[in-house]
Number of protein chains: 2
Amino acid sequence: MDKVQIFEFIAEQKTAFIASVNEQGYPVMRAMLAPRKIENNEIYFSTNTSSNKVKQYTQNEKACVYFYKRGRFKYQGVAITGEMEVCTDQKTKDEIWRFGDKLFYKQGVTDPDYCVLKFKCRTAEYYCDFKVETIEL
Amino acid sequence: MDKVQIFEFIAEQKTAFIASVNEQGYPVMRAMLAPRKIENNEIYFSTNTSSNKVKQYTQNEKACVYFYKRGRFKYQGVAITGEMEVCTDQKTKDEIWRFGDKLFYKQGVTDPDYCVLKFKCRTAEYYCDFKVETIEL
């Protein structure tokens with residue numbers, strides 16, 4: 001697996017998982033919808049400014065983004081470690097916004113509870129059929 | 001969601017996700033097969049003694065175990081934080097072993113590369129349709 005193949009693989013997945021480290025030093029994870037944008041080693045998600053993950057990333061930017069695919073005969077997973085930035089600037093919010101988001105954010109694209117998570121990819125661990133490879137991104 | 005319902009929910013899922021904190025302080029996650037046993041607030045997995053996760057849990061027991069279900073109209077997820085113990089004692093290995101494991105561990109149930117991860121559940125965060133509840137386990 002090279003870097004291009006890693007990004008192709010993650011672009012195909014419909015669910016992403018993200019992990020943070022909480023105030024007590026425990027890792028915490030949750031499922032997310034697929035990324036809004038993947039570009040220049042960065043992965044963008046939309047989320048609620050009031051969520052626990054935003055609080056956790058504000059205090060500790062260390063993060064993991066995970067994608068997996070479980071087929072009948074093959075299991076593939078990619079765990080990428082890096083830093084998560086919470087973006088509340090209007091330029092980034094405008095860029096990541098989609099029409100349907102209006103359902104969740106009543107005030108629209110300027111809603112203070114809508115923000116963007118920007119993940120900087122550093123190192124990927126690719127798992128396939130019980131083997132693991134490390135790829136610097 | 002109460003404690004009983006949380007354990008019922010996780011017993012139904014075919015994939016578990018576990019997170020650790022690595023040597024550099026980054027959270028790392030991976031998919032696992034369903035737990036081998038769930039009992040007395042503890043969740044058991046089988047794994048390779050030589051794996052990165054065993055190294056990470058030996059250095060830092062703080063862990064998260066996550067389960068989710070994504071239906072057509074409903075998304076549910078449970079993230080449980082707690083401590084992960086690496087068990088290499090023969091009694092625990094005997095108890096968790098299944099016949100099919102012989103495929104992966106040539107030396108059978110005494111194979112030094114076969115070990116058990118025992119997770120002690122502390123706190124669950126249950127996510128359902130954009131709401132979150134915290135349950136002490």
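This is a predicted model: local features need pLDDT of at least 70, side-chain atom pairs count only at pLDDT 80 or more; totals for chains, interfaces and linings use all residues.
**Figure 1. Chain A as a whole.**
Chain A holds 3 helices and 8 strands. Read from the N terminus, its elements follow the order α-β-β-β-β-α-β-β-α-β-β. The C-alpha trace of chain A spans about 45 × 35 × 25 Å along its principal axes. Among contacts in chain A between residues at least 6 apart in sequence, 59% join residues at least 24 apart.

**Figure 2. The relation between the two chains.**
Chain B is superposed on chain A by a rotation of 180 degrees with 0.0 Å of shift along the axis, and the RMSD is 0.0 Å. The two copies are therefore related as by a two-fold rotation axis. Within chain B, Pro27(B) has the C-alpha nearest the axis, at 2.8 Å from it. Both copies use the same surface, as 100% of the contact residues of chain B recur in chain A.

**Figure 3. The side of chain B that touches chain A.**
Chain B and chain A each give 22 residues to the contact. On the side of chain B, the elements that give two or more residues are strand E1 (15–21), strand E2 (27–33), strand E5 (62–70) and strand E6 (75–87). E5(B) gives the most, with 6 residues. By class, this side of chain B has 14 nonpolar, 5 polar and 3 charged residues.

**Figure 4. The largest nonpolar core and Met29(B).**
The largest nonpolar core has 58 residues. Met29, Cys64 and Tyr66 of chain A, together with Met29, Cys64 and Tyr66 of chain B, have the most contacts inside this core. In soluble globular proteins, nonpolar side chains tend to be buried together. Apart from neighbours within four places in sequence, Met29(B) is in contact with residues of chain A including Phe17(A), Met29(A), Cys64(A) and Tyr66(A). Its contacts in chain B are Phe17(B), Ile18(B) and Ala19(B).

**Figure 5. Helix H2 of chain A.**
Helix H2 of chain A covers residues 52–59, and its buried residues are Lys53(A), Gln56(A) and Tyr57(A). These residues lie on the same side of H2(A), because they cover an arc of only 95 degrees around the axis. Among the elements that cover the buried residues of H2(A) are strand E4 (42–48), strand E5 (62–70) and strand E7 (114–128) of chain A.

**Figure 6. Thr88(A) in its loop.**
Thr88(A) is in the loop between E6 and helix H3 (90–96) of chain A. Thr88(A) counts as exposed because it has 12 C-beta neighbours inside 10 Å. Leaving aside neighbours within four places in sequence, Thr88(A) is in contact with Thr49(A) and Cys115(A). Tyr114(A) is 26 residues from Thr88(A) in sequence, and their C-alpha atoms are 7.9 Å apart in space.

Asn41(A) is not a glycine, yet has a positive phi of about 70 degrees. The loop that holds Asn41(A) is between strand E3 (37–39) and E4 of chain A. With 14 C-beta neighbours inside 10 Å, Asn41(A) counts as partly exposed. In chain B, Asn40(B) has a positive phi of about 50 degrees and is likewise not a glycine. Asn40(B) is found in the loop between strand E3 (37–39) and strand E4 (42–48) of chain B. Asn40(B) is exposed, with 7 other C-beta atoms within 10 Å.

Conventions
Residues are numbered from 1 along each chain as its sequence is written. Chains are lettered from A and ligands numbered from 1 in the order in which they are written. Copies are superposed by least squares on the C-alpha atoms of residues with pLDDT of at least 70 in both. Two residues are in contact if their C-beta atoms, placed from the backbone, lie within 7 Å. A nonpolar core is a set of buried Ala, Val, Leu, Ile, Met, Phe, Trp, Tyr and Cys residues joined through C-beta atoms within 7 Å. A residue is buried if 20 or more other C-beta atoms lie within 10 Å of its own, exposed if 12 or fewer, and partly exposed in between; C-beta atoms are placed from the backbone. Helices (H or I, at least four residues) and strands (E, at least two) are DSSP runs, numbered from the N terminus. Ala, Val, Leu, Ile, Met, Phe, Trp, Tyr, Cys and Pro count as nonpolar, Asp, Glu, Lys and Arg as charged, and the others, Gly among them, as polar. The arc is that of the directions from the helix axis to the C-beta atoms.
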